[in-house]
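Student: I'd like to learn how to read a model like this one, feature by feature. Can we go through it together?

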Amino acid sequence: MTIAQDAPVRTRFPKLGLGGGDGRARQVALTLGWATVGAAGATAIPGPVESLRRLGTLLWYPFYDLGPNDKGIGRQLALSLQRVGIGFFFASLVGIPLGLFIGANRRAWMAINPVVQMLRPVSPLAWFPIWLVVFRDNSQAAILVIFMTALWPTVLNTAAGAGSIPENQRRVAAVFKFGRLAYLRHILVPSIVTGLRLSMGIAWMVIVAVEMLSSGTGIGFFVWNSYNADDMPSVLASVLIIGAVGLLLDLGFLRLAKAVSLGKAT
Amino acid sequence: MLKVTDLHKSFPDPKRRTTQHVLRGVDLEVHPGQFCCLIGHSGCGKSTPQHHGRARCTRPGAGHPRRVGGHRAGPDRAMVFQGYSLLPRMSLLANVREAARAARPNRTKAENDAVVERYLRAVGLWEAKDKRPAQVSGGMAQRAAVARAFAVQPRVLLLDEPFGALDALTRRKLQAELMDLWQHEEVETEMVVMVTHGIEEAVSLADTIVIMGNPPGPSVVSVMDVALPRSRIELEGAQGIAHRAAQQQLLGYLEIPAA
């Protein structure tokens, strides 16, 4: 909280780092490695050809619905995304105001921080049985787990972001008489949106685990179900899909951060 | 006219349980068309009147800065800071546009854009308008800050050691640009109040120089008028001598042995 100068420590939001290095060489190495492992393990782990073919099949029929244990990958993804979305939304609804409050108020920070620090290391999955007992519903319990997952990072990052707004940015806001809205849009939101992006990343990782436990629907369940059915190509294909969706979510937040902070949305 | 009468300001010093009297009765008068410099040693409190005047970040103990004269719509003052204080995640254009929009909410979008473009062009930054502050040099960043202040079209322009962080060549250039802007553009800004510790800067730019002293003496040691034509950067002959004489006089007030 002692940043005095404007010269920003980090001038732009961190890039994803996809463009760096020799992309083609990396791809070839990765695929060769995978193929070798697949061959060495004889049948246990399928190679890239088989997995990618399965990926194609899965994506070709995304929305079929043949009963509770057999749904298309698109349906499963939609369910997972919906849970993440709802949980994340409510975590932001609670976490951002709470974070702003404790970021601006030293005593509130002292009061709340120990509680947050104690609850934060508890794996969100540990709460799952509790919420199952409370709600008696897989889906609602999963949403609550996501809520708790996203809540702590949102609170802490928002507090850190709001608390570390440099003095000279506040002065600019004071001199040029920024209204509440302008202050929010140009100074406060850009400083907290990075925290939201991190929360979203964690939420997407946890939903897979929750759904593996909850055995019902969702992409995590799909992975677990495929494993139980000894369908390893589907497992590997799902891993690729989960990665791609996570990447898209992250990109979306990067876009959002840029749109907000450059003042383009006028 | 900008008039400050008997302005006091103290900061408590909790460690030594004393009070630091930073401003000890400051009287100040700036007339329309005047460029006023506040000069003094570090810690004499020369920035404090501005800090009070601009945004009530610090409240005065007693006394009041007051603008006397007709009212006009729009804000009274805008400020250029020593550290450029541009918002780091916005382009230069957005920095100027959003500040002007916040300070002048009654302008239409088109009016605001026109003013913003005019001043960004005036400081030679229109080509670089989409760059972010970190992507440009210190001189360019400070030019953007100057454009931002002018784009508000304030009656009083406050400058707090605006060129202190720049190298000598850039500083000289920006000083000339500032004077050009203020004098030749059709600006609404009537008065400029600049805080500086540069003797040369004060003598080259100001019409009137307020010399401030350290505690426990009085805050305002003396007020000195500089009656020289503008654009003093390249003064020759008799005027050049008068210019140097003014510098010597100022050095005397500040109790610095003349070189």
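Tutor: Let's take confidence, then a helix, then cysteines and salt bridges. This is a predicted model, where local features need pLDDT of at least 70, side-chain atom pairs count only at pLDDT 80 or more, and totals for chains, interfaces and linings use all residues. Residues are numbered from 1 along each chain as its sequence is written, chains are lettered from A and ligands numbered from 1 in the order in which they are written, and side-chain values use heavy atoms, with hydrogens and water left out.

Student: What is the mean pLDDT of chain A?

Tutor: pLDDT is the predictor's confidence in each residue, from 0 to 100. For chain A the mean is 81, with 85% of residues at 70 or more. Residues 1-14 of chain A are below 50, and that stretch has 30 contacts in the model beyond near neighbours in sequence (contact means heavy atoms within 4.5 Å). Where pLDDT is low, the predicted coordinates should not be read in detail.

Student: Okay, helices. Which residues of H5 in chain B are buried?

Tutor: Terms before the case. Helices (H or I, at least four residues) and strands (E, at least two) are DSSP runs, numbered from the N terminus. Buried means under 20% relative accessible area, exposed over 50%, and partly exposed in between, with a 1.4 Å probe and protein chains only. In H5(B), the buried set is B:Leu174, B:Gln175, B:Leu178, B:Met179, B:Leu181 and B:Trp182. They cover an arc of only 160° around the axis, so they sit on the same side of H5(B); the arc is that of the directions from the helix axis to the C-beta atoms. On the other side, B:Leu169, B:Lys173 and B:His184 are exposed.

Student: And what covers those buried residues of H5(B)?

Tutor: The cover includes strands E3 (35-40), E6 (156-160) and E7 (191-196), along with helices H3 (109-122), H4 (138-151) and H6 (199-205), of chain B.

Student: Next, cysteines. How many disulfides does the structure hold?

Tutor: A disulfide is a covalent bond between the sulfur atoms of two cysteines. The cut-off here is a pair of cysteine sulfur atoms within 2.5 Å, and over all chains the structure holds zero. Take B:Cys36: its closest cysteine sulfur, in B:Cys37, is 6.8 Å away, too far for a bond. B:Cys36 is buried at 1% relative accessibility, and B:Cys37 is buried at 0%.

Student: Last one, salt bridges. Which residue does A:Glu211 pair with?

Tutor: A salt bridge is a side-chain nitrogen of Lys or Arg within 4 Å of a carboxyl oxygen of Asp or Glu. A:Glu211 pairs with A:Arg83, the closest N and O atoms being 2.8 Å apart. A:Glu211 lies in helix H8 (residues 180-214) and A:Arg83 in helix H3 (residues 73-104) of chain A, so the pair ties together parts 128 residues apart in sequence. Both A:Glu211 and A:Arg83 are buried.
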